[in-house]
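Work through the exercises below with the structure in view, and try each task before reading its solution.

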Amino acid sequence: TAMRQPFASLSALCAASAPSVTLLLLFSPFKPMTTAPTLRPATAADVPRLVQLLTQISLLHHEARPDLFGIGQKYDASELLALINDPMHWVFVADVPGMAVAGYAICQQQDPEASRVLCPVRTFYLDDLCVDRACQGQGVGTALMQAVRQEAVRRHCHHLTLHVWQGNDSARTFYEAQGLRPMYTAMECLL
């Protein structure tokens, strides 16, 4: 049975329109947590741990598409600190017993751009979501997604978007379970 979403209107929007994803999440079989993760805004003290988690994502992207992804971090420490302090970005972390920053979400509010054909809507873009491998399958990602939805609604966004690389089936399955659906498909031809 499907869980009832607290933000039905955004869930309906996500079901009607949602994107693909640049994020890699691996999920092990479900291991229920004894306590729910504690969610909070990221602080400067979290930056070293965020860099570690970014390395996990980097390695996963590299393994999936070594022709496109090198090994490194998407953001360095100073860039993460800038994102944490930027009002157009939203960086949240999830703590679990025994592990500070078991996962994080980095989002960006994107205000409408002038277009002749697209309606001017505010977007909440999920730039990155990562759950430490040791904590996957314990509800951390789901809790972060609920917080992402809540923040998108608070900011009066029309929809939540993200990108998933082809072949990242576990992330696609996770996001579909969260109510997201493909919005468009980017295609390539290797030369």
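Trp90, Phe92 and Phe124 form one aromatic cluster. This is a predicted model, in which local features need pLDDT of at least 70 and side-chain atom pairs count only at pLDDT 80 or more, while totals for chains, interfaces and linings use all residues. Residues are numbered from 1 along each chain as its sequence is written, and side-chain values use heavy atoms, with hydrogens and water left out.

**Exercise 1.** Describe how the rings of Trp90 and Phe92 are arranged.

*Solution.* Begin with the rule that rings of Phe, Tyr and Trp (its six-membered ring) pair if their centres lie within 6.5 Å, and that planes under 30 degrees apart count as stacked, over 60 as edge-to-face and the rest as tilted. Next, take the values for Trp90 and Phe92, which are 4.4 Å centre to centre and 10° between the planes, so that the pair is stacked.

**Exercise 2.** Decide whether Trp90, Phe92 and Glu151 are buried or exposed.

*Solution.* Buried means under 20% relative accessible area, exposed over 50%, and partly exposed in between, with a 1.4 Å probe and protein chains only. Trp90 is buried because its relative accessible area is 8%, Phe92 is buried at 14%, and Glu151 likewise counts as buried at 9%.

**Exercise 3.** Find which residues Glu151 is in contact with, leaving aside its neighbours within four places in sequence.

*Solution.* Contact means heavy atoms within 4.5 Å. With those neighbours left aside, Glu151 is in contact with Trp90 and Phe124, both of which belong to the aromatic cluster.
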